[in-house]
Each structure stands twice: as structure tokens, then as C-alpha cells.
Amino acid sequence: MPDRPPDLLDIGELAARTGVAPSALRYYERLGLLTPYGRDGLRRTYRPEALDRVALILGARATGFSLAEVAAVLAAGRAEVRDLLAAQCADLDTRIAALTAARTRLAHALTCRAPSLLDCPTFREAVREGLPGGGGGGGTGRRGG
């Protein structure tokens with residue numbers, strides 16, 4: 001029986017080098033995101049390129065892609081990939097704007113001299129702007145009032 005090629009990684013090695021649990025790697029296989037090279041005894045083996053594939057999956061997840069969306073990107077043609085990536089970029093821009101606004105509110109809260117944050121008109125207005133409808137309306141800020 002021929003020896004295993006020296007560059008193959010078994011599932012434990014791939015898990016250790018990527019920080020992804022073996023069970024998650026097997027799940028990626030079931031979704032068609034990762035393909036093992038074969039087996040060495042009872043253990044799955046992978047080509048070294050699997051490291052890049054797992055890195056791509058993790059990177060896509062970090063930018064907000066679901067695993068189903070990652071699968072769609074990997075299966076798509078070049079034009080469709082561009083559309084999927086453009087939509088994700090637009091979503092990231094929206095989330096970045098919301099996080100930037102939240103950070104601005106927190107930074108103000110750190111230096112605000114009002115007795116409480118709700119006594120600070122600047123903070124109250126910023127929080128209202130963070131509401132889905134934009135808050136505003138100029139009401140009293142009290143429930144039912």
C-alpha cells in the first residue's frame with residue numbers, strides 16, 4: 001500500500017492549524033464547502049489548500065456571510081460573485097455607520113458632565129437617532145406622554 005503523501009493534513013491537524021473544531025470541518029463538508037482528499041485509517045485527510053479554503057470561510061463569516069451565502073459565493077460565476085460581494089459591502093457599510101454612531105454615543109457618555117445620561121440632551125438626541133424610525137418627533141421622552 002502506498003504511503004500517504006507527506007503534505008496531507010489529517011482532520012486534527014487542519015483543526016489545530018485553523019482553530020476550527022473537527023465537528024465544524026465535518027459540517028463544512030456536509031454543506032459542500034470543504035472536500036477531504038481521502039482517509040488515513042479512520043481519519044479524514046485534506047490537501048494543504050484546505051487551509052486556504054477554511055481561511056476563506058472564516059473570513060467570509062467574519063464579514064457577515066452565512067454559511068449558505070459562502071456556499072453560494074463559492075458556487076457562483078464571476079458576475080454573480082460580484083453581485084453577492086457588492087451586496088455584502090453595502091450591508092457592511094450600513095453596519096459600520098451604525099457602529100460608528102454607537103461609538104460616538106459611548107465616547108460622549110464617557111465625558112458627559114450631566115448628572116445622568118438621560119439628563120443630557122446631546123446623549124438623548126443621539127440615542128433617539130439610533131432608533132429604527134430615527135426617533136425624533138420632539139416628544140417629551142416619557143412613555144405615554
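The tour below goes from the whole chain to the sheet, the core and the salt bridges.

**Stop 1: the whole chain**

Select everything. This is a predicted model, and the protein has six helices and three strands. Followed from the N terminus, its elements come in the order β-α-α-β-β-α-α-α-α. Of its 145 residues, 20% count as buried.

Among contacts between residues at least 6 apart in sequence, 41% join residues at least 24 apart.

**Stop 2: colour by confidence**

Colour the chain by pLDDT. The average for the protein is 88, and 89% of the residues score at least 70. Strand E2, residues 38–40, has the lowest confidence, with a mean of 86, while H2 has the highest, at 97.

Now select residues 139–145. Here pLDDT stays under 50. For this stretch the model has four contacts beyond four places in sequence.

**Stop 3**

Zoom in on E1 and E3. These two strands run antiparallel and are joined by two bridges. Find Leu-9 and look across from it: Tyr-46 in E3 stands opposite.

**Stop 3: the nonpolar core**

Show side chains for Leu-14, Leu-25, Tyr-28, Leu-34 and Tyr-46. These residues have the most contacts inside the largest nonpolar core, which has 21 residues. Next, select helix H1 (11–18), helix H2 (22–30), helix H3 (49–62) and helix H4 (67–75); each supplies at least two residues of this core. Which helix gives the most? H3 does, with five residues.

Pick Leu-34 and list its contacts, leaving aside neighbours within four places in sequence. Among them are the core residues Leu-14, Leu-25, Tyr-28 and Tyr-46. Leu-34 is also in contact with Glu-29, Ala-50, Arg-53 and Val-54.

**Stop 4: Ile-11**

Select Ile-11, which is found in helix H1. Is this residue buried or exposed? Ile-11 has a relative accessible area of 7%, so it counts as buried, the cut-off for buried being under 20%.

Leaving aside neighbours within four places in sequence, Ile-11 is in contact with Pro-22, Leu-25, Arg-26, Arg-43, Arg-44 and Tyr-46. Draw a distance between the C-alpha atoms of Ile-11 and Leu-25. They are separated by 7.8 Å, although the two residues are 14 apart along the chain.

**Stop 5: the salt bridges**

The structure holds three salt bridges, and each can be shown with a pair of side chains.

Begin with Arg-43 and Asp-10. Their side chains meet in a salt bridge, at 3.3 Å from N to O. Arg-43 is partly exposed, with a relative accessible area of 40%, whereas Asp-10 is buried, at 14%.

Go on to Arg-44. Its salt bridge is with Glu-29, and the closest N and O atoms are 2.8 Å apart. Because Arg-44 lies in strand E3 and Glu-29 in helix H2, the pair ties together parts that are 15 residues apart in sequence. Glu-29 counts as buried, at 17% relative accessibility.

Finish in helix H5, residues 78–111. Select Arg-95 and Asp-91, which form a salt bridge with their closest N and O atoms 3.2 Å apart. How far apart are these two along the helix? They are four residues apart, so about one helical turn separates them. Arg-95 counts as partly exposed, at 35% relative accessibility. Asp-91 also counts as partly exposed, at 35%.

Definitions and conventions. Residues are numbered from 1 along each chain as its sequence is written. This is a predicted model: local features need pLDDT of at least 70, side-chain atom pairs count only at pLDDT 80 or more; totals for chains, interfaces and linings use all residues. Side-chain values use heavy atoms; hydrogens and water are left out. A nonpolar core is a set of buried Ala, Val, Leu, Ile, Met, Phe, Trp, Tyr and Cys residues joined through side-chain atoms within 4.5 Å. Buried means under 20% relative accessible area, exposed over 50%, partly exposed in between (1.4 Å probe, protein chains only). Contact means heavy atoms within 4.5 Å. A salt bridge is a side-chain nitrogen of Lys or Arg within 4 Å of a carboxyl oxygen of Asp or Glu. pLDDT is the predictor's confidence in each residue, from 0 to 100. Two strands pair if DSSP finds at least two bridges between them.
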